[in-house]
Amino acid sequence: MANKKKVIVTGFEPFGEHTVNSSWVAVKELERLGLGEAVDLYVCEVPVEYQAVQSLLPSLWKQHQPQLVVHVGVSGLATTVTLEQCGHNKGYKRLDNCNFCPASQCCTENGPDCINSVLDMNTVCKKVNDSDLGVIVSVSKDAGRYLCDYTYYSSLYLGQGRSAFVHVPPLGKPYSSQDLGRALQAVVREMLKLLELDNTEEEYAHNEHCNQKHQQQHAH
């Protein structure tokens, strides 16, 4: 199919007490379910390593030229599927799986302190919760200052905000892998609808501007 939408969804490898990382389990379930014929879905497992993220993300964005990149991570504190609105540049003190953390404790030298996604997570949240999916979705503005936040900020920086981050609870607390896969499917679909809406509005505004210029030229 011509002009398929390209979407990348990533999960993380195991770390710490998360010997099975529910984020990657959920992403593999999403891959099984798919996002429909019009979407080319690429999934990828991300190492819990700052330096690996720094080299992997630019190549993902450059190689695939995606419309949207959604990162999924596990939070031991989460009891809902949580949509993160923004990523943070500073405060990375926790050691990764290689016992490393950035000397600068930040993602991008001279980058803004915080970058918001172009997507309004409150809108996505409401749409999914209104659909009676059986999985509760919520919104957060603090992705935790570890690899989740670091990855999100880096992706927002690279993709001019066309990225999203979803925190999922550990498996069985309370959701199964199937529940999480269905929730990711619903969330990503709503995100794509929002992006499409934004593009349509931008095109409309551009056309209106061109029409006005055209009319002004003919008025003289």
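**Close-up views of a predicted model**

View 1. Helices (H or I, at least four residues) and strands (E, at least two) are DSSP runs, numbered from the N terminus. The model is predicted: local features need pLDDT of at least 70, side-chain atom pairs count only at pLDDT 80 or more, and totals for chains, interfaces and linings use all residues. Residues are numbered from 1 along each chain as its sequence is written, and side-chain values use heavy atoms, without hydrogens and water. Helix α4 spans residues 147–158, 12 residues in total. From first C-alpha to last, α4 reaches 16 Å, close to the 16 Å expected at 1.5 Å a residue (1.5 Å times one less than the number of residues). Of its 12 residues, 10 are buried (buried: under 20% relative accessible area; exposed: over 50%; partly exposed: in between; 1.4 Å probe, protein chains only). Among them are Y150, Y152 and Y153.

**View 2. The six-stranded open sheet.** Its strand order is β2-β1-β3-β8-β4-β7, with mixed pairing (two strands pair if DSSP finds at least two bridges between them). β2 (39–46) and β7 (137–140) stand at the edges with a single partner strand each, so one side of each lacks a neighbour in the sheet. Neighbouring strands are turned by 25° against each other on average, direction ignored (axes are lines fitted to C-alpha atoms, for helices over the stretch in contact; angles run from 0 to 180 degrees between N-to-C directions).

**View 3. The β3–β8 pair and the helices on the sheet.** β3 (residues 68–74) and β8 (residues 163–168) pair in the parallel sense over six bridges. H71 stands opposite F165 in β8. α4 packs on the sheet, touching β1, β3, β4 (81–84) and β8 (contact: heavy atoms within 4.5 Å). The direction of α4 makes about 165° with that of β8. Helix α1 (residues 22–33) lies across β1 (5–12), β2, β3 and β8, at about 150° to β1.

**View 4. L83 in the largest nonpolar core.** This core has 60 residues (buried Ala, Val, Leu, Ile, Met, Phe, Trp, Tyr and Cys joined through side-chain atoms within 4.5 Å). V70, L83, V166 and M191 touch the most other members. Helix α5 (residues 177–219) gives the most, with 10 residues. Beyond four places in sequence, the contacts of L83 include M121, F165, V166, V187 and M191.

**View 5. Cysteines without disulfides.** The whole structure holds zero disulfides (cysteine sulfur atoms within 2.5 Å). For C86, the nearest cysteine sulfur is that of C114, 3.7 Å away. C86 is buried at 5% relative accessible area. C98 is partly exposed, at 46%.
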